[in-house]
Amino acid sequence: MREVPVREVKVHVGLLGEFGVHNFGNEASLAAMLGVLRADDRVVPVVVADRCEAVTAEHGVAAVPLHHPGARRGGAGGLLGKLADARRAWRTVGDLDAVVVPGTGIFEGLAIAPGGIPLTLFWYALAARLRRRPFLALSVGVDAAFHPVTARLFRWTLSAATLVTVRDDGSARAARRLGVRRPLDVVPDLVLGLPAPGAPRRERPRVVVGVIDYRGLGTAEGEADRAAYVARMVRVVQRVAASGADVVVLGGALPDAPTAREVAARAASAGPGNVEAVEAGSLADVARETAGSRVVAAARYHHLVTALRLGVPAVSLGYGAKQGRLLEQFGQGDQVHTVDGFDPDEVADQVLALLREPAPDTRPVLADAARRLAAQEERLRDVLASTLPGAAAGSPHEKSGAAR
């Protein structure tokens, strides 16, 4: 039989996550990893996510379902559905040469039931282990788990992986609290590796205010929480616009658009200044609106990532620890507030002070992030190379105990 030259062999890499669900940050993480993999023409990326048509339309990549499409959900048949998902994971991993979880906060379990994505991740990690495929979690966010079963599933998944890197020191500490004892390198968010758009020249100072479709943090008073949040955001926008800055109100995901329109309309009708709501359909749209701005005040994590990678100072109005960790990495940890309790006048004062000051120099932090991301890409290439026919014994893949 004729030997197949190595150059003709393709490495099929599954990219596993919650993609195609209108989460701009998740899609940007996927785009960043696709850019890395597409640099090697031997690699064939395959996204493993339930919204396959949406993923293919946005990224132009093949996609297969994360869960069994016909499995029952909930009720008495729910257990059978979970077992069907396990069989689906087994078959999907068998068609791949490696599985990669590309960034995102997929290991943040505060609001996640154990039978959802935590169990799904475990099925795929277990299937990869048994089938001797590499399973890599790269630049992932980790946080506390609300349910003890979620904590165990996350611990088992991260412990079984071939390689794990986390996106900040707080994620490393959270993984330790979950019981993960393996080495954990900190490699910043994958989105920091995306190319930055050019900054347009603007005649007037511009502030981007990123809002969220907020309905409380697990409370029963969702509409009351939303009303209070909108009122506080209107107050921030009014004060910043009254200073003479142009204010753009922007959502960080598709569900945020109605809130952005409401905040902008109420602020514009209540006082002087130039305020507008802008629709965004992706993180690239958020980046284009953010480029050339003087300050960003936002709730969503990847809206803040976008600002910082563009050199724009950020004020966080976030809903979790990850926003604070991110700003601390960039030396802006004093500009962190919580979405459910921020003082609008304190936030407005902070934004106005940043408008008067030179923007902080984030280039050293970004240069360090680029170095760490490049080193991670090299490790990923080594693992993928070890799956090719004729790969030398003792490759990183085999040393992990997960070789095919």
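Predicted model: local features only at pLDDT ≥ 70, side-chain atom pairs only at ≥ 80, totals over all residues.
**Entry 1**

I started with the strands. As a reminder to myself, strands of a sheet pair through backbone hydrogen bonds, either parallel or antiparallel. Here I found 7 strands in an open sheet, ordered 3-2-1-4-6-8-9, and the pairing is parallel. Strand 3 (62–64) and strand 9 sit at the edges, since each pairs on one side only.

Then I looked at strand 1, residues 11–16. How many of its residues are buried? I got 5 of 6, so I noted strand 1 as mostly covered. Strand 1 runs parallel to strand 2 (residues 43–48), and 6 bridges join them. Along that pair, L16 stands opposite V48 in strand 2.

I also checked strand 6 (residues 135–140) against strand 8. They pair in the parallel sense over 3 bridges. For A137, the bridge partner in strand 8 is V164.

Strand 10 and strand 11 pair in the parallel sense, with 6 bridges between them. There I spotted V211 opposite G251 in strand 11.

**Entry 1: helix 7 against helix 12**

Helix 7 came up again, this time with a helix as its partner. Helix 7 (residues 222–242) packs against helix 12 (residues 344–356) at an angle of about 35°, and their axes are 9 Å apart. The crossing is right-handed.

Which residues make the contact? From helix 7 I wrote down R232, R235, V236, R239 and V240. Helix 12 brings in P344, D345, V347, A348, D349, V351 and L352. Sorted by class, the contact has 7 nonpolar and 5 charged residues, with no polar ones.

**Entry 2: salt bridges**

Side chains of opposite charge can pair when their charged atoms come close. I counted 23 salt bridges in the structure, and I went through a few of them.

K322 pairs with E108, with the closest N and O atoms 3.1 Å apart. K322 is in helix 11 (residues 321–329) and E108 is in strand 5 (residues 107–109), so this pair ties together parts that are 214 residues apart in sequence. Are these two buried or exposed? Both K322 and E108 are buried.

D189 and R167 also meet in a salt bridge, at 3.5 Å from N to O. D189 is in the loop between strand 9 (185–186) and strand 10 (206–211), while R167 is in the loop between strand 8 (163–166) and helix 6 (169–178), so the pair ties together parts that are 22 residues apart in sequence. Again, both D189 and R167 are buried.

My next pair was D246 with R204, at 2.8 Å between the closest N and O atoms. D246 lies in strand 11 (residues 246–251) and R204 in the loop between strand 9 and strand 10, so parts 42 residues apart in sequence are tied together. D246 counts as buried because its relative accessibility is 16%, under the 20% cut-off. R204 counts as partly exposed because its value is 41%, which falls between 20% and 50%.

I also noted a network: salt bridges that share partners join E108, R167, D189 and K322.

I106 lies in the loop between strand 4 (98–102) and strand 5. Its relative accessibility is 4%, so I106 counts as buried. What does I106 touch, leaving aside its neighbours within four places in sequence? I listed G17, E18, V101, I117, L121, G141 and F154. I also checked I106 against R372, 266 residues apart along the chain: their C-alpha atoms are separated by 21 Å.

Last stop was helix 10 (residues 301–309), where 9 of 9 residues are buried. Among them are Y301, H302, H303 and R309. Just after helix 10, G311 takes a positive phi of about 80°.

Methods:
Residues numbered from 1 in each chain as written. Heavy atoms only, no water. Salt bridge = Lys/Arg side-chain N within 4 Å of Asp/Glu carboxyl O. Helix = DSSP H or I, 4+ residues; strand = E, 2+ residues; numbered from the N terminus. Buried < 20%, exposed > 50% of the residue type's maximum accessible area, 1.4 Å probe, protein only. Axes fitted to C-alpha atoms, helices over the stretch in contact; angles between N-to-C directions. Left-handed = near helix turned anticlockwise from the far one by under 90°. Contact = heavy atoms within 4.5 Å. Nonpolar A, V, L, I, M, F, W, Y, C, P; charged D, E, K, R; others polar. Pairing = 2+ DSSP bridges.
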